[in-house]
Amino acid sequence: MTNWKTFYNRIIRQVYLERGAEGFDAVGIARRELQNIDFRIVSDESEIPEEHLKGTTLYLRRHRGHQVGRCPGSHGHLCCNYHTIDLYAGCALGCSYCIMRSYLNFSPVTVYVDPEPAVQLVRELALQKKGETLRIGTGEVGDSLLYDPLFQLSEPFIRGLSDLDNVHFEMKSKTDFVDHLLDIEPKGNAVIGFSLNPPEIADLEEGIASAVQARIAAAKRVVEAGYRTSFHFDPVFRQANWRELYFPLIDSLAGFRKEAIAWISVGTFRYTPPLKDKIADRPYLYEEFVPSADGKHRYIQRVRAQMYRELIERLRAVTGVTAYLCMESAAIWKRVYGRMPDEVEELKGVFDDDPARLKG
Amino acid sequence: MRYMTLPDIAALSRRFDVFETGPACDSQLLKARLFTPLAVCGDDLVWGFRFLKAAGAEGISELPVVQIEPHGRLLVALKLENRTGRYSWKERYSIYTLLGELGESEDAESISLAVSGNAGFFAMMKRYACLPGHLKAAINEGRLDLSIAEKVCTLPEAACDLVFSRTGLSFSMVRELLVNLAEIRRRDGLAAGEITALVRDVLAAGDPVKALFLIRNPELSGLTGRFEAFKDRYTAQTGVSLKAPLYFEGDGYTVSFSFSTKAELRRKRETIERLEEGCDELEDLL
Ligand code: SF4
């Protein structure tokens, strides 16, 4: 288990607080934890000095506008029907492949310290869509749990959505920072998920993220505490020995009961040209890539279809769960599953509207 | 303001002589003494080198000069030059180097704004300064942009020169060739001699860009080769055209043909029936 207090001293150097946001619980909690850091009040982000526009700066603010949205998906690629909540925008873990490298270079990490409006929005959405599954998560523009022990912002979502049968609130992380969440009751359908890569890759490419075995150990703790977990094999890298790297990782999930796993996703590595410009020295870029309909570059279709088939088969054999594909084309779905996502029986809960199917 | 003779001005230090282009000095205005006075600071001529040169050519014996303070003198020169955003790479590098010499006496932020119109001048020049001389020269001459030069800086000068000297290549072709070469070199761990030899081979091909693309992408080349062989086997000289999706990404092959007689239609249909027999082979490519 990582000692996150020492950890925060390394990754947070300055905190700016939007005027008017001082009274939120999350700010009070963070102030207690970060006593050695001065919280400077600003009217807005433009007042943060240029030398502090970087990932070691936190900017605490209220949300204005649409805090809840649909996962943007990708042109020509099938979206897994996911909704996103901006809670922590930006991330200091430093994965080499992070898409945010191409557009958040000079930005502080933004923390939206007022969770209540978003909880209410999700509740309204869930009530409007009664009978439909609402998968919703905070891990789209940052790591859901990296700063969560400091701000405890996941808790209001877990509690506030726990009575909604059709809402599956997911926190997705590359950390093992889960212990502050274990005792929360009721948990409802909350899911605590982990992105996984083999240690050989994670150690090189996932910056200061928790060790992969620590993430899996955290997944065990959350399951023991009564949550369901999820696993995201995304991005999967192709290299000559990819099977020797990924299969043992998958095998290490053998101890999880099928019912304890809400879902598993798989997505092969992809990049946008601006991201490639930022990470041109990474050896994984020397594989062969082709441009897809959404402008991202992916492994050749035939290659990734083969990888998906093998990974999904192994995952099914080990966990009993049929994984779904993240941001993939209809052609790939047909090649991997022989069908489109809404026709794959085991994935009905993920892609269609029946909440009962996702229940453990 | 005072007047100085041309020999006295010419004897001043020329380290501020960093502007290579700029508007020409109009001889009529020069003769009428209608021009900005030169800026001098101690032993340095800070600005006005163009006037000095033009005055000599016009036979003018002395020029007006204004003595300025040492603090911010480069900024004064830039303000007099008044070409924000229009300095060449060479000029920008000279300004950057000079600024390194002048140190604290200049305000870096104001200099950046005066040169580029934004705060990015120093970051950009730091990147430029790291490049080897042949790539700096390629940027100066407009043959490469900075981000591409950075990507290809592992290529030996000889390999780059071969590409630059090949006629008939557009800017984007040069860019694609160099980037692919740099990636191949890193991927395959080629020595300088090996990559230069590869450049020679590739440039000898009719379509060097395509030739190199195939080397950079062996699996895709394999798929393309298999598809072309399939087409030869099943559709050559049949009038039926078979197309694969771009980069073998997607679902569908496209078959097209035209006909004008019943017999022609029958022949095309027979070709398509034969295609059906080989369909597994096609499916395997996607
Ligand atoms: S954990 Fe996610 S958001 Fe953070 S750096 Fe890695 S890829 Fe980016």
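Predicted model: local features only at pLDDT ≥ 70, side-chain atom pairs only at ≥ 80, totals over all residues.
Local features are reported at pLDDT of at least 70 and side-chain atom pairs at pLDDT 80 or more, whereas totals for chains, interfaces and linings use all residues. Residues are numbered from 1 along each chain as its sequence is written, chains are lettered from A and ligands numbered from 1 in the order in which they are written, and side-chain values use heavy atoms, with hydrogens and water left out.

A nonpolar core is taken as a set of buried Ala, Val, Leu, Ile, Met, Phe, Trp, Tyr and Cys residues joined through side-chain atoms within 4.5 Å, where buried means under 20% relative accessible area, exposed over 50% and partly exposed in between, with a 1.4 Å probe and protein chains only. The largest such core has 123 residues, of which A:Ile12, A:Leu60, A:Tyr147, A:Phe151, A:Phe231 and A:Phe233 touch the most other members. Helix α10 of chain A (residues 301-319) gives the most to this core, with seven residues; helices (H or I, at least four residues) and strands (E, at least two) are DSSP runs, numbered from the N terminus. A second, separate core of 73 residues includes B:Val40, B:Phe51, B:Leu144 and B:Phe164.

A:Ile250 lies in helix α8 of chain A (residues 242-251) and counts as buried because its relative accessibility is 0%. Contact meaning heavy atoms within 4.5 Å, A:Ile250 touches A:Phe233, A:Leu311, A:Arg314, A:Leu315 and A:Val318, when residues up to four places away in sequence are not counted.

In chain A, strand β9 (residues 167-173) has six of its seven residues buried. Strands pair if DSSP finds at least two bridges between them, and β9(A) is joined in parallel by four bridges to β8(A) (residues 134-137) and, also in parallel, by four bridges to β10(A) (residues 191-195). A:Phe169 is the bridge partner of A:Ile136, while A:Ser173 stands opposite A:Phe194.

Around the ligand, with a heavy atom within 4 Å as the criterion, are A:Cys91, A:Leu93, A:Gly94, A:Cys95, A:Tyr97, A:Cys98, A:Met100, A:Gly142 and A:Lys174.

In chain B, helix α11 (residues 171-188) has 18 residues and reaches 26 Å from first to last C-alpha, close to the 26 Å expected at 1.5 Å a residue. Its buried residues, among them B:Val174, B:Leu177 and B:Ile184, pack against α9 (273-278) of chain A and against α9 (146-151), α10 (157-165), α12 (192-204) and α13 (208-216) of chain B.

Methods
Expected span 1.5 Å × (residues − 1).
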